[in-house]
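Please have a look at the sequence and the fold, and then read on.

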Amino acid sequence: MHEFSLIRSLLRQVKEIAAEHNDGQVESHRVASVEVQIGALAGVEPELVPLAFEQLTHQTPLEHTALIIHKQALAVVCTDCEQETELEGFVFRCGHCQSGNVRIIRGDQFRLLTMTMEQEHHAC
Amino acid sequence: MPAETITVNRDIDADRRDAAKKFREQRSRAGTLVVNLVSSPGAGKTSLLEATLAHWKQRWNVAVLVGDLATDRDAQRLRPFAPTEQLTTGGACHLPLPLVEQGFQRLPSCPLDFLFIENVGNLVCPASHDLGEHLRVVLVSTTEGDDKPGKYPKMFRTSDALVVTKLDLLPYVPFDVDCVVQDARKVQANLEIMTVSVTQQTGIAAWCAFLEKRREHMLQEMQQS
């Protein structure tokens, strides 16, 4: 169960980018949403990610930040026929020539895609 | 309310992966082949290391970093053969690179030909952690069942070699070596596959020769670059 350590790492990077963004600005901006992409072979269970995100942001400035998750299919390129195949399961074969000499090109990472920043709410 | 979207598009693990690459390059330059042994608990990682070190009879300079949730039992078994540091994860299900680096610093500072990292017994989380190894070796024992590769695809996909252990128990367990080989090759067609029995001392020489060949290969690559 290493989703918590990955979300900790995600949050550290989000905070760094937000601080960089706010540096020198007159009005500070909060992180309204964070968009991530989870590959089928990322070693991350997408169902557990919102739970870890919620627990780790509880009572922090990121408490009300929305998390948007996109799942990404696994894709390989064949080193024999050079064609790409999107895999449905985990049988690593080229869909064109059936060769097992394939290299992963997508779907083995957990990526931070975008962050949306908006002006802080001010209570009247 | 004005909103602005920042495009980041970055692998969350990028820093960790860079750190692992750096550790691997440093060990390459020192002539040390780093081998990360992974398996479920009880597959025989420590026994395979004992047999390996006994077979080599100090022909090579070897050190071991051994990870467990608690106790230094594995380190106690390996210390008679080679300098060994126990890495205690305190409950974590895998070895992270910083713990490996700390353990490495505690080892006697002599030139090493091989550095073995015995990971925490687990076929899930260690798959996602590059420890700066040159070679990831996954062990499957005959008592675990021959259906493991398809069930834990990331571990087998990210491994360079598969060692089937406890081959002496084949007459007593429903385990088909061909099945595990076929299943593993579906996930990683180019996996190097070996079989061993530590109790009967079979396959140990071939395994040791494989490690020596891979170190030779690493040294050649170093010279070329």
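Of its 38 lining residues, Arg17(B), Ala127(B), Ser128(B), His129(B) and Asp130(B) are the closest to the centre. Do keep in mind that this is a predicted model.

**The largest pocket: who lines it**

- Chain A contributes two or more residues to this lining from each of helix H1 (3-22) and strand S5 (102-106).
- On the chain B side, helix H1 (14-29), helix H4 (97-106) and helix H6 (153-157) each give two or more residues to the lining of the largest pocket.
- H1(A) supplies the largest share of the lining, with five residues.

**The largest pocket: residue classes**

- Sorted by class, the lining of the largest pocket holds 15 charged, 12 nonpolar and 11 polar residues.

**The second largest pocket: size and lining**

- The second largest pocket holds about 400 Å³ of space.
- Its lining is made of 25 residues, and those nearest the centre are Ala40(A), Gly43(A), Val44(A), Glu45(A) and Val124(B).
- Strand S1 (29-39) of chain A and H6 of chain B are the elements that give two or more residues to this lining.
- The largest share of the lining of the second largest pocket comes from H6(B), with three residues.

**The second largest pocket: residue classes**

- Here the lining divides into 16 nonpolar, five charged and four polar residues.

Technical notes: Residues are numbered from 1 along each chain as its sequence is written. Chains are lettered from A and ligands numbered from 1 in the order in which they are written. This is a predicted model: local features need pLDDT of at least 70, side-chain atom pairs count only at pLDDT 80 or more; totals for chains, interfaces and linings use all residues. Side-chain values use heavy atoms; hydrogens and water are left out. On a 1 Å grid over the protein atoms alone, a cavity is a set of points where a 1.4 Å probe fits but cannot get out, and a pocket is an open set with protein on both sides within 12 Å along at least five of seven lines; lining residues have an atom within 4 Å of a point. Helices (H or I, at least four residues) and strands (E, at least two) are DSSP runs, numbered from the N terminus. Ala, Val, Leu, Ile, Met, Phe, Trp, Tyr, Cys and Pro count as nonpolar, Asp, Glu, Lys and Arg as charged, and the others, Gly among them, as polar. Grid points are joined across faces, edges and corners, and a volume is the space filled by probe spheres set on the points.
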